[in-house]
Amino acid sequence: MKKGRDRRIFFYVVIVLLLLLGHSRSHSLSHSQQKRLNNFVVELLNIEKITPQPYEEYKFINPREGWIFVSITVESLKNGKVIISLDSAQKNNAIIVLDNESSETSEAMRFLPAGEHKINVWLGGDASIKNLIVRSIPEIAYCKFQYNPHVKEYGPYDWDFLKKYVLKNVNVVVGSGDAAHEPYIQEWKKQGKRWMIEYGVPGLSEGTSVSVDEAYKYWTENAGFQSPLVDGIIADEFVGSAEEKYKIWAEAVKRISEDEKFRGKSLYPYWATSLYSSGPRNFARVVVDAGYRFAHEVYLKEPSSEEEAKRQLEYTLKQRMREWKMFVPDAANYVIFALGYMSSPPESLNTNPSVDYKVWMDMQFNFLANDPAFKNLFGVLEYTSGYADEEVVRWASKLYRHYCIEGKREMLSGDPYILAHLRNPDFNDGAEGWTLSPAEKGSMEVKSMEGYGWLQGRYPRSSEGDSFLWTKRSAAKPNVFSQEIKNLQPNRLYSLKMFTADYRELAAGKSTEQKHAVSIKIENAEQITDSSKSFQHVFPNCYSHFLGQFDDKNRAWMNYHQRVFRAKGRTAKLIVSDWVGERERGGEIGQELMFNFIEVQPYLETGAE
């Protein structure tokens, strides 16, 4: 009797287990089943077709402390519902909820410790899932909110702009600490993402000193450590190699990391110095021991050829990574490369009008994504929005998506590095390529002024931009110069950019804020009249770009011109003059103007991205 009863109990237990397994299944992937997509991204799960089941769970192994990306694409909702949670098997801790009102695909990012984790999936009604993806991704930061562009026509870079073009592709926002930002921080934190505040470095200036207590107080009294919503600070910036100062900073950082009040907070140094000096090297070890990261600054201007660009990547970006690996164990896990998307006045890495700056940005990301030296690189950011034009901000976001979330290895841009639309756009070769039509004898010629490119904002200083076309406005008729724009794709958008300045004022060392009377005409093209795309902007030299009598107090005023146009054919004609119209001078007779950096390149279409 007892044996029969035991068999019946066993049979019932088996039936119940089988029924439960039909409604709750667990799946797991080992390290060996993970798929590395590029240096930034490792695919941890990729589940095709999840048919209706009340509950399923999928285990995965996060290879390091850092960010994971979850994407869910539904095949059908049909009055159903999809709920996704991470680790916690509670529906009210969901990271993704999809119902009839939702889009087909939804995404989330979370910062997780290394080790085993679990994705929990609830399907209600007739809902079914086409694809579930989990990836290990880098830290991707936007820098910074709300640092609006110096060229005001591009902005503002407010929350609406970022939501449309940027935020879905980043997991960290760097802000200023403005109390008015709190509603945005709350919204951001609900997504499981992080917010940090850009702050200074105490005692940085030459001739100043700071104590450990003062440094500790300086950093920890900032909202980055005081606000429960904020995740820490990025300290701007560590330069030089003064050993005594690095000892003090290191002790302050150590004290912060050991203080229980600041558990879960971070201090990231913006890093612009060498580890070959003992002070910075010992400081770096303290930062690593604290579990903090470095935002390593590498701001690269456009090389003049694609071959030189590749050498620059090899000998600059790669050399910086080699240096880290020489002195810091597991260095890649502690380094965020801070690339530069400075691309407009008053300071710009877009220094060569014969090069497509967006392609140069793409090449930098592509190198980081593919070269073995950067395997497991912790993160990337572009610095900084105030110096970036809106097109470049949008482009950087697309690069983040392409390389840092989708894990692609191929270039995003299909355009060539060298622009093939205008010849001699900076007048380095005299007037070659241009048709000059002077108003009178001696009213047009190519000249140069040492340091003019630096005054415009081209960074770092070189001879680029020192040549220009000079005109002297005549009462009789305009000075006109022109060139055929070649190799256009019909119906594609392009931008034209140009600098002008008053020659006599710059030569005299005293400048006035004025809009120059010039006209720009592009035949066989449709000009886009949106004021954020086609404008004339008056700006002063950068606070740090001194030349002669010009400095941060006595400013040199220049004009920055942009036109966006849609090509109607393979060619167009550019016509520029120092009158505002064919019959209207618009400016002082005898005024001497300087024209250069006449750049034509493909323009990234706007729209929800």
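Phe468 and Tyr503 are both buried, where buried means under 20% relative accessible area, exposed means over 50% and partly exposed is the range in between, using a 1.4 Å probe and protein chains only. The model is a predicted one, so local features need pLDDT of at least 70 and side-chain atom pairs count only at pLDDT 80 or more, while totals for chains, interfaces and linings use all residues. Residue numbers start from 1 along each chain as its sequence is written, and side-chain values use heavy atoms, with hydrogens and water left out.

A pair of aromatic rings is described by the distance of the centres and the angle of the planes. Here the rings of Phe, Tyr and Trp (the six-membered ring of Trp) pair if their centres lie within 6.5 Å; planes under 30 degrees apart are called stacked, over 60 edge-to-face, and the rest tilted. That rule gives 47 aromatic pairs. Take Phe468 and Tyr503: their ring centres are 5.9 Å apart and the planes meet at 50°, so this pair is tilted. It bridges distant parts of the chain, with Phe468 in strand β23 (residues 467-472) and Tyr503 in helix α12 (residues 503-508), 35 residues apart. As for the labels, helices (H or I, at least four residues) and strands (E, at least two) are DSSP runs numbered from the N terminus.

Phe535 and Tyr560 also make a tilted pair, because their ring centres are 6.4 Å apart and their planes are at 50°. This one links distant parts of the chain too: Phe535 belongs to strand β28 (residues 535-540) and Tyr560 to strand β29 (residues 557-567), 25 residues apart. Phe535 and Tyr560 are both buried.

One aromatic cluster is formed by Trp219, Phe238, Tyr246, Trp249, Trp271, Phe283, Phe294 and Trp324.

The charged end of Arg255 sits over Tyr216, 5.5 Å from the ring centre. Arg394 does this with Tyr165, its charged end lying 5.6 Å from the centre of that ring.

On to the strands, which count as paired if DSSP finds at least two bridges between them. Four of them make an open, antiparallel sheet in the order β21-β24-β30-β26. The edges are β21 (435-437) and β26 (519-523); each has a single partner strand, so one side of each has no neighbour in the sheet. From one strand to the next, the twist averages 20°.

Strand β26 runs antiparallel to β30 (residues 572-577), and five bridges join them. Within that pairing, Ile522 has Leu574 of β30 as its bridge partner.

## Strand β9 and its partners

Strand β4 (residues 55-62) pairs with strand β9 (residues 115-124) over eight bridges, in the antiparallel sense. Opposite Phe60 you'll find His117 of β9.

Strand β6 (residues 81-86) is also antiparallel to β9, this time with six bridges. There, Ser85 faces Asn120 of β9.

## Helices α9 and α10

Two packed helices are described by the angle between their axes and the distance between the axes. Axes here are lines fitted to C-alpha atoms, for helices over the stretch in contact, and angles run from 0 to 180 degrees between N-to-C directions. The axes of α9 (residues 357-370) and α10 (residues 390-405) come within 10 Å and cross at roughly 25°. That makes α9 and α10 roughly parallel to each other; the class covers angles under 35 degrees, with over 145 roughly antiparallel, 65 to 115 roughly perpendicular and the rest oblique.

The α9/α10 crossing is right-handed, a term for the near helix being turned clockwise from the far one by less than a right angle, with anticlockwise being left-handed.

Gln146 sits in the loop between β11 (139-145) and α2 (159-165). Another cis bond joins Tyr383 and Thr384, with omega about -10°, and Thr384 lies in the loop between β20 (379-383) and α10.

Asn376, though not a glycine, has a positive phi, near 70°. Asn376 is in the loop between α9 and β20, and its 29% relative accessibility makes it partly exposed. Asn487 is not a glycine either, yet its phi is positive at about 60°. Asn487 falls in the loop between β24 (480-485) and β25 (493-502) and is partly exposed, with a relative accessible area of 41%.

How values were computed: Lys NZ or Arg CZ within 6 Å of the ring centre and 35° of its normal.
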